[in-house]
Amino acid sequence: MRIGMLTGGGDCPGLNAVIRAVVRKGEGHYEHEIIGYRHGWRGLIEGESVPLTLASVRGLLPRGGTILGTSRTNPFKSDDGPARVLATVERDRVDAVIAIGGEDTLGVAHKLAGEGMNVVGVPKTIDNDLSATDFTFGFHTAVQIATDAIDRLHTTAESHDRVMVVEVMGRHAGWIATYSGLAGGADIILVPEKPFDIDEICGRIRHRHGRGANFSIVVVAEGATPVEGTMELQAGTLDDFGHVRLGGIGNRLAAEIEDRTGYEARMTQLGHLLRGGTPSAYDRVIATRFGVEAIDAVHEGDFGVMVALRGTDVLRVPLAEGVVELKTVDQRLFDTAAVFFG
Ligand code: F6P
């Protein structure tokens with residue numbers, strides 16, 4: 001078989017580990033030919049690909065980012081986009097495509113499967129917000145980086161009697177904020193799932209400081225929003241999939257906390273640091289298992305599916321299931337984190 005592979009959406013630790021696993025089993029065991037499309041779906045629209053061989057994936061397991069490049073290109077944004085993708089697949093004599101990405105990339109994969117493309121999805125995102133899988137690779141690494149940062153910020157918080165606001169990624173779901181906040185001992189965690197009340201936050205901080213604490217750590221997901229009408233936010237620009245570009249809530253929050261409580265407040269925005277560098281051992285293992293399962297699915301002709309982690313098992317589920325809804329933070333987990341607030 002001749003198989004095309006792409007990585008779409010934000011880069012994420014573990015993408016290269018998936019690419020390596022697909023090629024190692026695909027070429028090494030099944031003797032399939034594998035090509036990589038550059039920059040996500042854009043590579044299929046523009047017909048830009050590179051050969052992927054056992055030699056080209058050597059040394060990839062610990063490497064961050066994606067050797068294929070990525071983009072947030074949506075073929076369905078233009079009238080001829082889907083037809084151009086299908087024409088590339090035909091021209092390149094590609095029997096199946098492995099699409100590695102989050103809700104947007106897999107959403108496109110699902111639509112193209114409906115148009116007759118043989119496709120297998122691999123779920124990735126540091127946000128961990130895909131409902132069909134218990135975990136996506138990249139999440140564990142991002143949580144560890146955020147936790148390390150919170151640990152370090154404690155030093156300055158304690159030494160200077162400050163409120164430290166730590167902004168982490170998490171567009172629609174606050175998994176990174178909740179996990180890293182729990183692991184780092186945050187005094188307040190704010191997530192997109194639950195609009196926050198700035199009065200209540202300041203009340204908690206005052207209460208905590210009134211009981212003898214000289215500092216506080218607030219972890220906020222970039223997608224967290226205030227209760228309507230309580231605090232103004234700046235509007236961001238939109239990407240190809242209609243998602244707003246976030247980043248900045250931490251700054252607003254720190255200024256507001258300082259104003260209202262009189263405690264000195266500072267903000268650290270972790271942003272793309274959470275997506276950078278080498279994947280954790282855990283993410284390398286899931287990414288590798290996902291890659292092997294994806295190439296097995298292609299080899300068996302099992303298309304229109306995505307691989308997923310359920311409990312400790314890697315299995316296949318219909319792509320439709322993977323893109324139907326976002327997985328938001330579990331209330332019981334958040335309640336556990338909230339035991340330590342204020
Ligand atoms: O989807 C992963 C993610 O890191 C989100 O947490 C974040 O909102 C978004 O990507 C940022 O994307 P970009 O790097 O394109 O600005």
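Predicted model: local features only at pLDDT ≥ 70, side-chain atom pairs only at ≥ 80, totals over all residues.
1. Around the ligand are Arg 72, Ile 126, Asp 127, Met 169, Gly 170, Arg 171, Glu 222, His 272 and Arg 275. The shell divides into 5 charged, 2 polar and 2 nonpolar residues. In this scheme Asp, Glu, Lys and Arg are charged; Ala, Val, Leu, Ile, Met, Phe, Trp, Tyr, Cys and Pro are nonpolar; the others, Gly among them, are polar.

2. Polar contacts are pairs of N or O atoms within 3.5 Å. Glu 222 places a side-chain N or O atom 2.4 Å from a ligand oxygen. For Arg 72, a polar side-chain atom is 2.7 Å from an oxygen of the ligand. Gly 170 uses a polar backbone atom, 3.4 Å from a ligand oxygen. The protein buries 82% of the 400 Å² that the ligand exposes when taken alone (Shrake-Rupley, 1.4 Å probe).

3. Arg 275 also forms a salt bridge with Asp 11, at 2.8 Å from N to O. The two lie 264 residues apart: Arg 275 in the loop between strand S9 (265–269) and helix H9 (281–299), Asp 11 in the loop between strand S1 (2–7) and helix H1 (15–28). Helices (at least four residues, H or I) and strands (at least two, E) are DSSP runs, numbered from the N terminus. The salt-bridge count is 16, for a side-chain nitrogen of Lys or Arg within 4 Å of a carboxyl oxygen of Asp or Glu.

4. Check two backbone angles. Most residues other than glycine have a negative phi. His 39 has a positive phi of about 55°; it lies in the loop between strand S2 (33–37) and helix H2 (41–46). Asn 128 also has a positive phi of about 55°, in the loop between strand S5 (119–123) and helix H5 (139–160).

5. On method: local features need pLDDT of at least 70, side-chain atom pairs count only at pLDDT 80 or more, and totals for chains, interfaces and linings use all residues. Numbering starts from 1 along each chain as its sequence is written, and side-chain values use heavy atoms, leaving out hydrogens and water.

Definitions and conventions. Near = heavy atom within 4 Å. Polar contact = N/O pair within 3.5 Å; in protein donor to acceptor, adjacent residues only side chain to side chain.
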